[in-house]
Amino acid sequence: MSMHLYQMSTKLLGDTVGKMNDNLTSLVLAASAVMLTFGYFYSKILLRQTSDKNATYPPYIPSSVPFLGHAVAFGKSPIDFLENAYEKYGPVFSFTMVGKTFTYLLGSDAASLLFNSKNEDLNAEDVYSRLTTPVFGKGVAYDVPNPIFLEQKKMLKTGLNVARFREHVKIIEAETVEYFQRWGDSGQKNLFEALSELIILTASSCLHGKDIRGLLDEHVAQLYADLDGGFSHAAWLLPGWLPLPSFRKRDKAHREIKNIFYNVIRKRRSSEEKLDDILQTLMDATYKDGRPLSDDEIAGMLIGLLLAGQHTSSTTSAWLGFFLARDKATQERCYAEQRAVCGDHLPPLHLDQLKDLSLLERCLKETLRLRPPIMTMMRMARSTQTASGFTIPAGHQVCVSPTVNHRLQDTWCERTRFDPDRYLHDNPAAGEKFAYVPFGAGRHRCIGENFAYVQIKTIWSTLLRLYDFDLVDGYFPTINYTTMIHTPHNPIIAYKRRKH
Ligand code: HEM
């Protein structure tokens with residue numbers, strides 16, 4: 001639901017300006033740039049005037065580039081940038097990008113400030129809402145005070161229960177078998193693209209229910225894609241009222257999808273039949289004060305559910321595939337585990353067996369360590385904060401990076417090696433509370449972890465039974481940093497049908 005929102009680069013500005021198609025827009029953009037720049041220098045002056053001489057501020061990484069600051073270096077390779085800064089400055093440091101000051105808290109100790117803080121002090125809405133509200137709509141998630149969002153999360157969590165997961169395993173296995181029929185017996189294909197398409201289908205079936213899944217055709221898939229286009233660097237950087245084509249598409253898709261959902265909700269209300277799915281959970285749910293969710297809130301939460309799990313799960317599934325294709329011995333062990341746990345004739349999957357696929361589970365856990373889809377969690381400091389003895393002024397964007405925590409030299413042995421068995425041995429990271437946080441922690445923690453495990457393990461159980469996977473000419477995808485979630489670059493995989 002949150003995303004890594006801050007990868008700024010000159011490319012972003014170039015792309016955005018390149019897409020401007022009329023003079024009015026260019027004028028407005030120029031005015032916005034002037035206002036942003038003015039705001040930047042004003043805040044610098046203000047900061048200088050209000051800084052406390054007795055306070056120890058985090059080390060500041062200097063930059064000779066005004067306004068953009070470190071945006072280009074960070075955008076090119078954020079992990080290298082942060083790891084180098086950690087080496088040089090320690091676990092807490094600040095730097096500027098696009099007129100904003102970011103303070104990173106790296107390592108388990110420093111990160112505890114963000115995970116243990118109250119939302120009034122380190123605030124999520126201030127940084128996420130401008131992206132999420134146009135996509136999910138008003139009245140949900142970061143558009144409402146956090147106590148309300150916490151109630152909404154609780155309702156969703158009630159809907160994600162073990163009884164439903166039992167059904168989800170069957171649905172996901174069937175969708176996966178059907179989807180991959182088009183791959184035939186052998187070949188080379190784009191794994192990430194396939195998994196992204198598959199996961200929209202499985203998530204729609206499981207998280208929305210069969211009546212909404214039944215409406216998912218190419219047109220609706222395009223609406224989701226347009227809506228998803230709202231999670232862009234441009235949406236984060238530029239004022240929402242700008243008449244950019246991507247903003248217009250996003251808003252139109254939002255209206256159309258909401259209308260589709262309203263119709264389904266209305267039909268469901270007037271029908272005698274009570275289906276057992278998340279839509280029904282939301283229709284029956286009430287806030288603590290007894291108020292039921294409005295149709296608009298339900299529709300917004302359905303959009304949020306789908307998109308929160310879409311990129312996170314499809315990226316993770318794709319990386320898992322490439323780790324297994326590179327490490328053939330582990331891939332074979334995973335296949336042998338399918339037969340050992342489920343039976344030699346590989347019958348349809350079952351939730352209880354899924355739990356016993358412990359090697360596959362560790363492979364997924366290790367994938368989430370090396371490629372956590374949410375690279376950074378971010379909050380706005382609304383008041384002065386203290387971390388590791390440093391004073392962090394109000395107005396800083398305070399960040400924790402799972403990616404960096406998951407590979408710190410002092411915490412992880414052979415830190416960049418894909419080693420699913422590391423969790424079987426003594427593991428120094430186990431003693432550190434926030435060394436492994438792919439799903440976050442504290443009040444903003446993910447509610448989708450169990451569903452994501454069920455979904456990805458079911459998909460990969462099915463794929464391991466179908467195919468033997470290989471890298472193409474030994475190429476293991478590099479990381480594409482230009483996307484908000486770090487996707488695999490050129491994600492083509494080779495596959496051959498297994499003979500059972
Ligand atoms: C591999 C899959 C996933 C990963 C790695 C992941 C990761 C995360 C992370 C890191 C956060 C914390 C964000 C922050 O603190 O700023 C989060 C929050 C959240 N996620 Fe997930 N997520 C995944 C799948 C899902 C799915 C499938 C759903 C829904 C079914 C979901 C729904 C949510 C929600 C509602 C929040 C709460 C945001 C908040 O309270 O601010 N996620 N997720």
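# Reading ring pairs, helix packing and burial

Reply: Ring pairs join Tyr179, Phe180, Trp183, Trp460, Tyr467, Phe469 and Tyr495 into a cluster. The model is predicted: local features need pLDDT of at least 70, side-chain atom pairs count only at pLDDT 80 or more, and totals for chains, interfaces and linings use all residues. Residues are numbered from 1 along each chain as its sequence is written, and side-chain values use heavy atoms, with hydrogens and water left out.

Me: What counts as a ring pair, and how many aromatic pairs are found in the whole structure?

Reply: Rings of Phe, Tyr and Trp (its six-membered ring) pair if their centres lie within 6.5 Å; planes under 30 degrees apart count as stacked, over 60 as edge-to-face and the rest as tilted. A search of the whole structure gives 27 aromatic pairs. In one of them, Phe74 and Phe95 have ring centres 5.8 Å apart and planes at 35°, so this pair is tilted.

Me: Where do Phe74 and Phe95 lie?

Reply: Helices (H or I, at least four residues) and strands (E, at least two) are DSSP runs, numbered from the N terminus. Phe74 is in helix H3 (residues 71–76) and Phe95 in strand S1 (residues 92–97), so the pair ties together parts 21 residues apart in sequence. Both Phe74 and Phe95 are buried, where buried means under 20% relative accessible area, exposed over 50% and partly exposed in between (1.4 Å probe, protein chains only). Phe74 also pairs with Tyr104: the centres are 6.3 Å apart and the planes at 40°, so that pair is tilted. It links Phe74 in helix H3 to Tyr104 in strand S2 (residues 100–105), 30 residues apart. Tyr104 is buried, as is Phe74.

Me: Which charged residues sit over a ring?

Reply: A charge sits over a ring if NZ of Lys or CZ of Arg is within 6 Å of the ring centre and within 35 degrees of the ring normal. The charged end of Lys153 is over the ring of Phe149, 5.8 Å from its centre. Arg326 lies over the face of Phe476, 4.0 Å from the ring centre.

Me: How are two packed helices described?

Reply: The description uses the angle between their axes and the distance between the axes. Axes are lines fitted to C-alpha atoms, for helices over the stretch in contact, and angles run from 0 to 180 degrees between N-to-C directions. Helix H11 (residues 218–228) and helix H15 (residues 295–326) pack at about 80°, with axes 12 Å apart. That makes H11 roughly perpendicular to H15; angles under 35 degrees count as roughly parallel, over 145 as roughly antiparallel, 65 to 115 as roughly perpendicular and the rest as oblique.

Me: Which residues of H11 and H15 meet?

Reply: Tyr224, Leu227 and Asp228 of H11 meet Ile303, Leu306, Leu307 and His311 of H15, where contact means heavy atoms within 4.5 Å.

Me: At what angle do H6 and H13 pack?

Reply: Helix H6 (residues 125–136) and helix H13 (residues 245–270) pack at about 45°, with axes 8 Å apart. H6 and H13 are therefore oblique to each other.

Me: Is Gln331 buried or exposed?

Reply: Gln331, in helix H16 (residues 328–342), is buried, with a relative accessible area of 0%. Beyond its neighbours within four places in sequence, Gln331 has contacts including Tyr467 and Phe469.
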